[in-house]
Every structure is written in structure tokens, then in C-alpha cells.
Amino acid sequence: MQDFKSYTLERKPTRGQIGRRILYAAILLLLLVAGLLYFSTSIDNSPVDERLPAPEQIEKPDQKRVLPLQLPGQSKREPIAPSPSPKSISFIKQAVATENEPTIEADTPVVAEMQEQGPEFHTLTYEIKNGDSLATIFKKHDLSANLLHRIVHSSDTAKKLTDIRPGEVLYVDLDHEQNFLGLRLEQSKINSLKITAVDDGFESVELSREVEVRTNHISGTIESSFYGAAKEAGLSEKLIMQMAGIFGWDIDFALEIRSGDQFTVIFEEDYLDGEKLRDGPILAAEFVNRGRPYRALLYSDDTGRSDYYSPDGRSMRKAFLRAPVDFRRISSRFARERYHPVLGKKRPHRGVDYAAKTGTPVKAAGDGKIIHRGKKGGYGRTVIIKHGQTYTTLYGHLSRYNKKAKRGSKVKQGQTIGYVGSSGLATGPHLHYEFRVNGVHRNPLTVKLPAAKPIAKKYRDDFQLKIQPLLSQLELINRTLVANAE
Ligand SMILES: [Zn+2]
């Protein structure tokens, strides 16, 4: 009883407690009223509120007013929310734009505010077609040639307007009296050129949207073919070809692949507005062929030259391609003596003939310098490349040359130097290819090819530093794969 009494006494509020409760209730009511008032005013003035710049588009003092509006046909800009692919962990290498820093957005229409101001402002939208010129487009839309002349000659940036290409989109903004207010040439999803009419002429600016680069990785196990397994794992054709190119020097993808071979690829992906635009390069890859692991890492030196190297800095490439053309078959091999089909006599065949369609690109087998380009007797149209002091390669019976590959030009391995043909003494289209070591003809099919240059001494430390995170990631992926398999 005593307990009950004391309990009820405690539950009974004192005068002070009642006063505090009234005060709380009053504050709550006040907040509610304030909230309601706020909402009602913002509904009333919604057009004004929409004009307020979004946080990422706050004006710079020297920047014109920009409104977060869209031109017709533009997709709404979504906030970038990195969504990791369920297959693998994606992580962002580079943030798009820092939130606090106002940036000029390429997709912000020049004259969007005009559309907002009323129906008397309108935008012409025109997709550039083959054969179009700005002059014809202006004429088509009753815009004066004089206006175009003044725009184009207003600055070097504006001059770039003359270089329009099919597929680009032109937006022209006009007021109700058809006066020119501004234009925007959308050159690609990333780049555009913007011209705005100002009091004393035109302002021009080139805009470039930030591409977000993410890193992704894909692994797979081969059952029958690398292509099939890579496709199934979600690798694009482009990346499959890149993989084959990187490891093709060590592994014969047609003959040496076995069931159970494994691969892992770490690669870049470019994103625009949170949507994938394209695959970037492979940063690191591993291929386990018949239990033997091969690893390749991308390294770019400070001259901008990039290549794939093994973790110890050796090049993944050989200095020469085994065959400088995608051929259908080998029509004649290297031989001391063979019956010449055209001459009808016995002659040594000092190269390899690769039968291929006329026009098939012929590639430089290795880095070097073109020392001959022209007709050379029975070889017809011929290119000879000198690779350092020891090696030369010869490409005969070409139908034509690559314009860029002139006598004296430096060429890179894989660069097209000409096209298959049957010039000179030839019965059908083929490439006659010779490989000489210190002036002596060697069999291109069997000669031991030297490795391409390893990482230069001066880049070795930098290389080791840069590849460590990629190697760690490959290890991590392998451990995860093993753990998942168990
Ligand atoms: Zn030949």
C-alpha cells in the first residue's frame, strides 16, 4: 500500500512540470505553423524557386546566369551514384566534380533562360547531315550569311564552328523577332561549342563534360574457348581482342587453350552522368594457361608511351609480329629452291607468301624506319623497314601504300604501311614478306624473335611503384575466387 501510494505520488505532475509541457506544446505548434507557411509560400512562388541555381551550378562572379534547365532532347541529368556491378567490386578512381566547386556544365544550355522567360524565345534544333555546311544550315533557317560571317570571325574558338561533322547537333536560340541570341554545337556526348550574343559581339567557349573513370574487373574460367568464356563472364568484344593482343605473344589462343584455364581482367570504364559510355583500357590482366600464370600490367611513361609489361618489367611483346598481315593461308614457304610460278624456273624463295584479299592491311612487323617505298622489280610495290642496326623487313606485291608511311617515316609495330595486292610478278593477291638479320634472309616463320625492349632503366622505380596496387588487386581477386570456389 505504501508502495502504491508513493508510486501514484510520483506519477502526479507538479506545477512546474505542467508549465514545461504547455511550453513544449506551444513551441511544437509554432513550428507546425511556420512549416505550413513555408510550404504554402514555396508552392505559390514555385516558378521563382525553380530559378534558383542548383548547388552545383552556383554562379561564378564572372559567369553568366545559368539555369538548371534542359534543352529539348537532352536526358535529365541524374545525380551520379556509383552503382557497383553485382559481378564485381567497382570503385571510383576519379570523382566527377567536387561539390563545393562550381563548374561550367557543358550540358547547361546557353540560352535556357530565354525559354524560361516566355514563349517568345525559341530554339532551333538541327542534326548535321552529310554535305551540310553552316552556310546552308543558316540559309535554310532564314539566318543571314552576314551573321554567320560575324560569328565565325569573332574568335579562334568560334572559327571551329566551320568544322561541323555529320551527327553533331546544332541548337540556335532566337527571340521573337528572330534575333540571334546564341548557339550550341554539340560535337559529342562530351564536347560542345557555345556562342552567346553579347552587347558588342559574341562570346565563345568550348565545353567539355567530365568523364568519370571507374575501375572494374571480370574473371572467368574457360570450358571450351576463351572467347566463349570471356563473353559469358561479361567481357566486351573490344576487351576480348585486347586480351588476345596482350597475351597472344605467349599463348596461342587457337591451339593452347585448355579447359580450366582462368583469366582475370582489371580495366577502366568511362561513365557520363552515371551511365556507362565505353570500356577504357585494360590496366592489368592475368591468364593462367595449363597451370602457368601470365601477368600483364599497363605502364605509361612520362612521354605518353604505354605498353604492357610483366611484373618484372619485361615487355609482353616481341619486337616483331610473326605475321604482318591477317592471312587466309600461307601460299609459299621459305625455301632454298622452289619452282617459280611466274618465271617457270627454279629459284630460292627467301620469304613467306601470305595469301590474303587485295586491300587487306599490311602492318609494320616492328618499330622502325621506312628506308624504301616504291617499285622493286618482281616484288612490285614494295616497302622495306629498317629496325635498328640488325633487322630489316620487306613487304612485296602491295596494291598501294599507306599515305602516312613515306620513305623516311618512323613506324610503330602494327601500323598499316600498305595493302595486299599482286603488283610485280605475282599470280594472285598475296604478301611476300622477308625477314633479314644482318643482311641475311631468315625464315620469318621460325626465326627466334627478339623480345621488345623492357622498361627503361629510368622508369623502373616508377613502374614498380605504379604496379603495386594493381598486383595487390589481382591477388585479392584470386583469393576471393578461391574462397568462393571452396
Ligand atoms: Zn614470295
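The chain averages a pLDDT of 80, and 76% of the residues score at least 70; pLDDT is the predictor's confidence in each residue, from 0 to 100. This is a predicted model, in which local features need pLDDT of at least 70 and side-chain atom pairs count only at pLDDT 80 or more, while totals for chains, interfaces and linings use all residues. Residues are numbered from 1 along each chain as its sequence is written.

**Confidence along the chain**
- Residues 39–109 have a pLDDT under 50, and the model gives this stretch 80 contacts beyond four places in sequence; a contact requires C-beta atoms, placed from the backbone, to lie within 7 Å.
- The pLDDT is also below 50 over residues 111–117, a stretch with 16 contacts beyond near neighbours in sequence.

**Overall make-up**
- The chain contains 10 helices and 23 strands, taken as DSSP runs (H or I, at least four residues, for helices; E, at least two, for strands) and numbered from the N terminus.
- Of the 486 residues, 26% are buried; buried denotes 20 or more other C-beta atoms within 10 Å of the residue's own, exposed 12 or fewer, and partly exposed the range in between, with C-beta atoms placed from the backbone.
- Of the contacts between residues at least 6 apart in sequence, 61% join residues at least 24 apart.

**The open sheet**
- An open sheet is formed by 5 strands in the order β2-β3-β4-β5-β6, with antiparallel pairing; strands pair if DSSP finds at least two bridges between them.
- Its edge strands, β2 (122–127) and β6 (201–208), each pair on one side only.
- Strand β5 (residues 191–198) runs antiparallel to β6 and is joined to it by 8 bridges; isoleucine 195 has serine 204 in β6 as its bridge partner.

**Aspartate 175**
- The loop between β3 (169–174) and β4 (180–186) holds aspartate 175.
- Aspartate 175 is partly exposed because 16 other C-beta atoms lie within 10 Å.
- Leaving aside neighbours within four places in sequence, aspartate 175 is in contact with Glu120, Phe121 and Leu181.

**Helix α8**
- Phe226, Ala229 and Ala230 are buried in helix α8 (residues 226–233).
- These buried residues fall within an arc of 100° seen down the axis of α8, so they line one face of the helix; the arc is that of the directions from the helix axis to the C-beta atoms.
- Gly228 and Glu232, on the other side of α8, are exposed.
- The cover over the buried residues of α8 includes β7 (212–221) and α9 (237–247).

Conventions: Contact = placed C-beta atoms within 7 Å.
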